[in-house]
Amino acid sequence: MKHFFAMLIMISSIILSAQPNSNSEIKNGSVSGRVLDAQLNEPLPYVNVIVKDAADKIITGGITNSDGTFEVKKIPEGSIKVEITYIGYKTISKQETIGKGNYDVNLGDLLLEEDSESLDEVTVVAETSTIQQKIDRKVINVGKDLTTSGPTASDIMNNIPSVNVDQQTGDIALRGNQNVQVMVDGKLSNIPAAQLLRQIPSTSIKQIELITNPSAKYNPDGMSGIINIILHKNVNIGFNGNLNFGLGYQIEPKFNSSLDMNYRNGKLNFYGSYGNNIARNANIGELVQTESDLTQLFDITDIRNSHLFKLGVDFYINDKNTFSVFTNQNIFDGGALGETELIFGNSPGSNQLQLFDNNNENNSQQYNVNYKLEFDKEGHNIEIEADHNIFDNDIFTNNDFSGFGSRPDFDEFTDIDRKRTEINLDYVNPLSETSKLELGAQARLFENTINYNSDGRVLNESGNYIPTATNFNYERNIYSVYASYSMKKDKWSYQFGLRAETVNVDALALDTDLTTNAVTEFPFENDYTQVYPSAFITYEASEKNSYQFSFSRRIDRPGVGQVNPIPEFNTPLISQFGNSELEPQFTNSAEVNYTRNLEKGSITAGVFYRLIEDEINQGVFVDRSTLGSGRVILRIDNFDNTSAYGFEVSGSYRPTKWWSFNASFDMYGRTQRGFAESLDPTIINPTESDIELNNVEVDNLIYNFRIFNNFKASKKLSFSAFAMYRGKDTGLNFEMEPMYFVNLGMRYNFLEDNRATFSLNFNNVFDTQEINILSERPFRQEVEFMPEFKTIFAGLSYRFGGGKYRAKSRKRRDNDEKSGGGFL
């Protein structure tokens, strides 16, 4: 805690010292107006407003709000030029003079006309990605430079500030923590996050939102916050579309493609998309128990065939009423082929081999209905939305063993049925020009059933492997209400919210010995009510400098995989189980951020602190059914309270017309307290009394650095270079060694109006990326994994159609939030 406050004081001092001196000579001049589409006569949001002096040097600037209005303040006396620029439209330039009798210039309505030479750019994905800092989130606008990095969402996530993806498992972490909610278009999915990220084509992503301290309007799930992936959705009049193909290769081929289309005419907008990811991924690994001279070798091929369909329609009934409906359909067929070999260095005759063939088929369905009613007062509306998810999953695994003393072969079959329903009611009332009240209610109904059968996985007390069946039912219903009030006064903005939830959890696991039909029950209930406050305070010192403080209380409810007592995987040395009695963990989080807008970019720095109650973490336990075999069990459990703190700085900058980059550095400190079991592997015929339970406390400091460069060689050709370093990560039971790598890429635009783009990317150019893990508990183990990091990826995209821009009038939670980031 002392280190955190010291760091906070130091950063605050640096920030204050970096402020420009007060300039009393600057008069309070301002320029305001409203920007409209000249043909549609509709407001244009997020249009760039640039103010220059007589020498054509940029003084300041801003962007238009959701209603097209803007106001730029703190403009010095003298002649100025105001430029209104927006992609796909002709630039408007106005000459004005700030001075006596004319300090507050109102330009009125400014009508932007389409630029016929760049009309198609309305649907073009930007060459370079941009970062915007908003009141409660950081928004990454995904450009071609990021989509070149790989075929799926999982591939580009490591290029995003504060985000890390486990290259072996696909698990995603935000600010060094995997307790994060992953949403698509603001909706949760029943598909596991790692699988979901590998199924979304990178070319289908429009934006990625990092919401580290969500407001009361959002669900309080996830210690580190929310990652919201926003997909492209055309709203252009007429017929428009994008077609993309990608192919990657190192050891096994990886193919993906996507097609996005929409047709809009009058009151109706129809849209649809299809994306696939067809891949085989090889992973070679080694686990060594040094003290017993025991080695386990892994050779696994992960197979993925996924198909994602989306179809929807928006009906603009009139100016007051909008009705929308869409469905997502996801089909997945995959699995894993592999072998694991046990090598006993001191007894080669005892070597064993396990062959396994895993087949995983699942279907996910999502149905969404939305209705919005606008009242007479602008911004005054009520909206109701219902979202229903269905997930069906069948998993079959065949396990074959050979070698001295090896166990009998066995098969496993798992059937998963999962349903999630969410109903939202949101009400927004602008009480005045500077204040707003938001109210809402939500019901989240979740039901999960898992049926598991094995013909010989479990070892009973007599030393025989027996057939078993496990049925696990888990229901969780959450009912919540929230209220949020925001206001702006001078340079200060405030937003305060409170969310109250009542939760009912009912779980029952039935474990059946199929040889005797004996049934063991594991019931679990957990009902609780909690409140979750949130607060945001922003101070805009000037057009270039702003500060933000935020606080929120959040919860991590155990996921289905964490509470599932059925084994997630088995190898000769490792099994992983869930814990049906796992309790939720609560997090109190506070952070301070500073944003500086530069002439050619922006920079954001911040610190955060978390206090975590009843932390959920993974424990390593000795397998008591096979003492002395070296087998361990991985199980999720609740540990003691912990704390974490961190510092982040990220920015984007364009030094020259041909070079732009964004870079980030983050450092996280974490104290973990818990327990771990240990067993001396040299003991012959050990008993349970030889197992030691150790209280463990680990202080961990991890830091990451990444930089993404974009080099524009010509109007059609550009190159990219990405470098990343991830520091050592030490947990209660495992220590992961540092990782670093460099990726290179190129993009070439061709055909008329640059409608087509070819991209090429080479990952892990210097072959430095690898996974090395060390564990000291319950005995010393060294693990190394070598997935396909050194891949070559080629992509081709083509745009077709064209039309006039027309903004969609549906709920966007950030419509009235001012961006603070810069454009590359």
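Student: How many salt bridges turn up in the whole structure?
Tutor: A search of the whole structure finds 22. Keep in mind that the model is predicted.

Student: Which residue does Asp221 pair with in a salt bridge?
Tutor: Arg557. The N to O distance is 2.8 Å.

Student: Where do Asp221 and Arg557 lie?
Tutor: Asp221 is in the loop between strand E13 (205-211) and strand E14 (226-231). Arg557 is in the loop between strand E27 (545-556) and helix H5 (560-563). So the pair ties together parts that are 336 residues apart in sequence.

Student: Is Asp221 buried or exposed?
Tutor: Buried, with a relative accessible area of 6%. Arg557 counts as buried too, at 9%.

Student: Next one. What does Lys254 bridge to?
Tutor: Glu788, with the closest N and O atoms 3.1 Å apart. Lys254 sits in strand E16 (residues 253-265). Glu788 sits in the loop between strand E43 (781-787) and strand E44 (792-801). So this pair links parts that are 534 residues apart in sequence.

Student: Are Lys254 and Glu788 buried or exposed?
Tutor: Both are buried.

Student: Back to bridges that share partners. Which residues do they join into one network?
Tutor: Asp221, Arg444, Arg499, Glu501 and Arg557.

Student: And Lys52, what is its partner?
Tutor: Asp56. Their closest N and O atoms are 3.8 Å apart.

Student: Why does Lys52 count as buried?
Tutor: Because its relative accessibility is 13%, and buried means under 20%. Asp56 is partly exposed, at 40%.

Methods:
Residues numbered from 1 in each chain as written. Predicted model: local features only at pLDDT ≥ 70, side-chain atom pairs only at ≥ 80, totals over all residues. Heavy atoms only, no water. Salt bridge = Lys/Arg side-chain N within 4 Å of Asp/Glu carboxyl O. Buried < 20%, exposed > 50% of the residue type's maximum accessible area, 1.4 Å probe, protein only. Helix = DSSP H or I, 4+ residues; strand = E, 2+ residues; numbered from the N terminus.
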